[in-house]
Amino acid sequence: MDILEKIVLDKRKEVALRKALIPVSQLEASVLFNRPSNSLAVVLKNSSSGIIAEHKRRSPSKAVINNSLSVQDVATGYQNAGVCGMSVLTDGKYFGGSLDDLLTARAAVQMPLLRKEFIIDEYQILEAKAYGADVILLIAAILTREEIKQFSEFAKSLDLDVLLEVHNQEELQKSIMPSLDMLGVNNRNLKTFTVSLDTSKSLTALIPNDFVKVSESGISNIEAIKELQPYGYKGFLIGENFMKTDNPGDSATNFITSLTS
């Protein structure tokens, strides 16, 4: 069993437990549930940097990245840096995150927030809305075409943007549908954890221009972004590069200043 299969197995148990504890009616009664969403896709289209900065404490491939920073400080730092949006990892077991991280970030900033999670149930999309997310992530590797359609249409009915992540041509071809806003290409091979920007370069021609193109993983320097921009990418998800420093906000500020000057 590879890491993704293991995560999904645990996620199914976790979601079943959460559903038993918190009814849908309680999520729908959240003060944030009717909040108008802030579209990440729109922000990316009009941005010169396209940076989506992440809050991530740890990962299965890197163990601890940064456990000591408050989500509020990270979110505020990112917003002051001028990032387009913030990705908040809400998986606890493998990434050390939680839905409370999303809530804390939402209280601190106005920019679009992405709930980065392994979504396998509509319930998690309701949670994303109730905890203040503007965008959800769907991962093609763990979903059927029918599930991608069901979940993305449900997210759109809740006024959420949808970022769909693919790793290869096969995943991309089963995923293209009008209920998506952004198509993200993950440059990390999930079986070997190796990273190559060639994945983004080779798949770009197969992504219709109706979608905002986002490149994910392995983007740790300005050169990588400058290399990918001519291929039509408008969004760049930066996971560990800022978080492994003492001040992610300052790191993001310096990065964006260098990128856009």
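Which residues touch the most other members of the largest nonpolar core? In this predicted model, local features need pLDDT of at least 70 and side-chain atom pairs count only at pLDDT 80 or more, whereas totals for chains, interfaces and linings use all residues. Residues are numbered from 1 along each chain as its sequence is written, and side-chain values use heavy atoms, with hydrogens and water left out.

**View 1. The largest nonpolar core and I136.** The residues that touch the most other members of this 87-residue core are I51, Y78, V83, M86, I125, I136 and M182; a nonpolar core is a set of buried Ala, Val, Leu, Ile, Met, Phe, Trp, Tyr and Cys residues joined through side-chain atoms within 4.5 Å. Buried means under 20% relative accessible area, exposed over 50% and partly exposed in between, with a 1.4 Å probe and protein chains only. Leaving aside neighbours within four places in sequence, I136 is in contact (heavy atoms within 4.5 Å) with residues including L114, I125, F151 and the run from L160 to L163.

View 2. Helices (H or I, at least four residues) and strands (E, at least two) are DSSP runs numbered from the N terminus. All five residues of β1 (residues 51-55) are buried, so the strand is largely enclosed by the rest of the structure, with I51, A53 and H55 on one side and I52 and E54 on the other. Strands pair if DSSP finds at least two bridges between them: β1 runs parallel to β10 (residues 233-238) over three bridges, where A53 stands opposite I238, and parallel to β4 over four bridges, where H55 has V88 as its bridge partner.

**View 3. The salt bridge between R115 and E127.** A salt bridge is a side-chain nitrogen of Lys or Arg within 4 Å of a carboxyl oxygen of Asp or Glu, and in this pair the closest N and O atoms are 3.1 Å apart. The pair links R115 in strand β5 (residues 113-116) to E127 in helix α6, twelve residues apart.

**View 4. K129, a buried lysine in helix α6.** K129, placed in helix α6 (residues 122-130), is buried yet has no salt bridge, and D159, the nearest side chain of opposite charge, is 4.5 Å away; Lys and Arg count as positive and Asp and Glu as negative, while His and the chain ends are not counted. The side chain of K129 reaches the backbone oxygen of R35 at 3.2 Å.

How values were computed:
A polar contact is a pair of N or O atoms within 3.5 Å; within protein, one must be able to donate a hydrogen and the other to accept it, and residues adjacent in sequence count only if both atoms are side-chain atoms.
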